[in-house]
Amino acid sequence: MATAAIIGCAGYSGQETLDRVLAHPELEVVALGSDSLAGEPAAALDLRLNGHLPAFVPNDEALAAGADVVFLCLSHERAAAVEPPPGAVVVDLSGAHRLADAELYPAWYGFEHPRPETLAAWSYAIPELFPAEGPLVANPGCYATAALLALAPLVDVIEPASVVVDAKSGVSGAGRELKPSSHASFVLENLAPYKVGAHQHAPEIGAALGFPICFVPHLLPVRRGLLATCYAQATTDGLRARLEDAYASSPVVRVLPEGVVPELARVQHTDAAEVALFEDRSTGRAIVVCAIDNLGKGAAGQAVQNANMALGLEQAHGLRLNGVLV
Ligand SMILES: NC(=O)c1ccc[n+]([C@@H]2O[C@H](COP(=O)([O-])OP(=O)(O)OC[C@H]3O[C@@H](n4cnc5c(N)ncnc54)[C@H](OP(=O)(O)O)[C@@H]3O)[C@@H](O)[C@H]2O)c1
């Protein structure tokens, strides 16, 4: 068994990562790190956690526990300050190591990167498109994952300036800590864009595609799930074959048959992704839609998939992919 430590376990993505590790046949939890829950038993996070899990320890202690794989589930700024334990696979779910250029951090993330010289050591990794090349893995953002699953296989056959990504996410995308924008009275029966033209996932999508894109996220009145509708002018035919080729061997990403639309309900509570291609009858534009769970393929599922690949394990171990939940 390989050993795992989860850092910042009290948040949504920490809890979801723990869920995947508990279902994993070849990973064992050795340390649950949480500064807010240090000293508490695992059940303090969720009553369903009982029995043989270790109690929470401060994040620094969990980082030093000697785990084979460390999942960083912290806010961007806290993750940026972490020194990776030598020899471990480290998967960072935050944005702290996604941008190669440290000078972009003040504008897009609102802080100076504290360890700019370390950024080159991290791989930005989506297993189906660009697997990690070393033990330090920057797990992509939830919106970026959906946009790149839709667009990256088509990057050579679309007009860069035509690309628009319109995406919507459930409120868990904002994390467990309470903010005015996650109050039920704001979210329920409402739909609003936010960070219009200024969301921090735009530069990572642009860097992965090789050109900047126009991106607007929206907050959906649901707990979880994310849907990205991507528009692009194609320069050739054969887009469907490119998508099908890209994901033919993936246990995670499903290209839907012609005419079938992705749905949040089929991906919520899973680590799967659905991708579908359409052509706009009026303009001929390609429309590629991708649905994922923001906490699944958008966070914990992809983090465990990336960890599996870095550890040489079966990529789908621990992932939630089966079932036909309503
Ligand atoms: N939510 C998503 O859908 C999603 C998707 C992709 C990536 N991410 C990224 O993953 C990272 C963590 O996001 P998140 O959504 O898990 O954020 P979150 O739920 O707000 O948790 C973030 C951190 O807050 C700390 N925390 C302090 N007080 C807390 C409290 N009362 N309840 C819960 N947590 C508390 C936890 O650290 P301690 O345990 O040390 O106290 C936790 O690591 C972020 O960088 C985010 O951008 C999130």
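The C-alpha centres of domain 1 and domain 2 lie 24 Å apart. This is a predicted model, in which local features need pLDDT of at least 70, side-chain atom pairs count only at pLDDT 80 or more, and totals for chains, interfaces and linings use all residues. Residues are numbered from 1 along each chain as its sequence is written.

Student: What makes domain 1 and domain 2 separate entries here?

Tutor: Their bounds come from an automatic or database domain assignment. That gives 2-140 + 298-311 for domain 1 and 143-296 for domain 2.

Student: How many residues does the contact take from each domain?

Tutor: Domain 1 gives 22 residues and domain 2 gives 24. Residues are in contact if their C-beta atoms, placed from the backbone, lie within 7 Å.

Student: Which helix gives the most to the side of domain 1 that touches domain 2?

Tutor: That is α10, with 6 residues. A helix is a DSSP run of H or I with at least four residues, a strand a run of E with at least two, both numbered from the N terminus. Helix α10 spans 296-311.

Student: Why are β5 and β7 called paired?

Tutor: Pairing requires that DSSP finds at least two bridges between two strands. Strands β5 (residues 89-92) and β7 (residues 136-138) share 3 bridges, so they count as a parallel pair. Within β7, Val137 is the bridge partner of Val91.

How values were computed
Contact = placed C-beta atoms within 7 Å.
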